[in-house]
Amino acid sequence: MEDEIKHGNVTHVPNKGSPESPHVACSDSNHNQNNNNNKEQDRFLPIANVSRILKKVIPSNGKISKDAKETIQECVSEFISFVTGEASDKCQREKRKTINGDDIIWAITTLGFEEYVGPLKLYLTKYREMEGEKLIFPKQQRSDQRRQHSEYEQNIVFNNNNNININTNSNNNVYSSINVYPSFVPSDQPFSLPFSSNSFQKQLQ
Amino acid sequence: MRQAGTYSGILSGGISGKTGPHLLPLARIKKIMKRSGEDVKMISGESPIVFSKACELFIKELTQRSWMVTMQGKRRTLNKEDVASAVMATDLFDFLVNLVSESGNSGEAPPPLELDTFTSS
């Protein structure tokens, strides 16, 4: 829901489970209580979210064991720590206090994940655009634009010399190079008629 | 509601999709970032968002590689050993080697199929 995106800087994602109040500079008094109760869970991303993502890349008749999901969960947390550590070192070297998105992207590149950089930058640009759009455009126009963007986004899959291209979409556009920039033309352009069907019927009456 | 569909490509939520626009909870990502070191104090608002996407890409890549191992074994259930094999086989995932080998295996490099710990579920 759009209403839940409050600000550009600090985004609040209300979680169902724990009473978390995310903010940039963490004051630990609230978090200590949560940490004592579900310390284990805090170390990892929720398994349901992880599960949903990984199901996108295996066939529908494939299954994943619980311990595999948990292992992947742990690996993701390790990935976050790994990248954050690198980004944090960079900030320290440059005597900056705040880790920003560009630092993360830099760290990801440095650690060898340069294939991610293209989609990440695209994602970040779109996110920034959308945050800006909210100030300018009304909801209806934005939703049309987003539909076009989303169709493009779903086509980016990894193609690391695999024979397997698992694509859950109906149109089989597979981008072999991750570094693509939008030069697409959406196939179903929404038509905006100068008159609505409602008004037409009124005329007939 | 129409809005939920329009978000679905980029910023869609997962199971708890209605609670937020991103696939992964930003607050949890922030927590994990802070745990990574003493020096991590201030994090910009964009960082968890970048990570949200990066983690999604990472999960997809790791899963795809693991699934290839599963298929090589002519199985349809991806298990932990497949993940470990994929990690071992990929230079990029070297930082995970200790993580996958310490969870249950005593040796340095677990063999792709370990019959005593193999569970099919």
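**View 1. What covers the buried residues of helix α3 of chain A.** The cover over the buried residues of α3(A) includes β1 (63-64) and α4 of chain A, together with α3 (47-72) of chain B. Those buried residues are A:Asn49, A:Val50, A:Ser51, A:Ile53 and A:Leu54. Here buried means under 20% relative accessible area, with a 1.4 Å probe and protein chains only. This is a predicted model, in which local features need pLDDT of at least 70, side-chain atom pairs count only at pLDDT 80 or more, and totals for chains, interfaces and linings use all residues. Residues are numbered from 1 along each chain as its sequence is written, chains are lettered from A, and side-chain values use heavy atoms, leaving out hydrogens and water.

**View 2. Where α3 and α4 of chain A cross.** The axes of helix α3 (residues 47-55) and helix α4 (residues 66-93) of chain A come within 10 Å and cross at roughly 100°. This makes α3(A) roughly perpendicular to α4(A), a term for angles of 65 to 115 degrees. From α3(A), the contact (heavy atoms within 4.5 Å) uses A:Ile47, A:Val50, A:Ser51 and A:Leu54, and from α4(A) it uses A:Lys69, A:Glu70, A:Ile72 and A:Gln73. Sorted by type, the residues of this contact are four nonpolar, two polar and two charged.

**View 3. Chain A as the setting.** Chain A has eight helices and two strands; helices are DSSP runs (H or I) of at least four residues and strands (E) of at least two. Starting at the N terminus, the order is α-α-α-β-α-β-α-α-α-α. Of the 205 residues in chain A, 39% are buried.

Key. Axes fitted to C-alpha atoms, helices over the stretch in contact; angles between N-to-C directions. Parallel < 35°, antiparallel > 145°, perpendicular 65-115°, else oblique. Nonpolar A, V, L, I, M, F, W, Y, C, P; charged D, E, K, R; others polar. Buried < 20%, exposed > 50% of the residue type's maximum accessible area, 1.4 Å probe, protein only.
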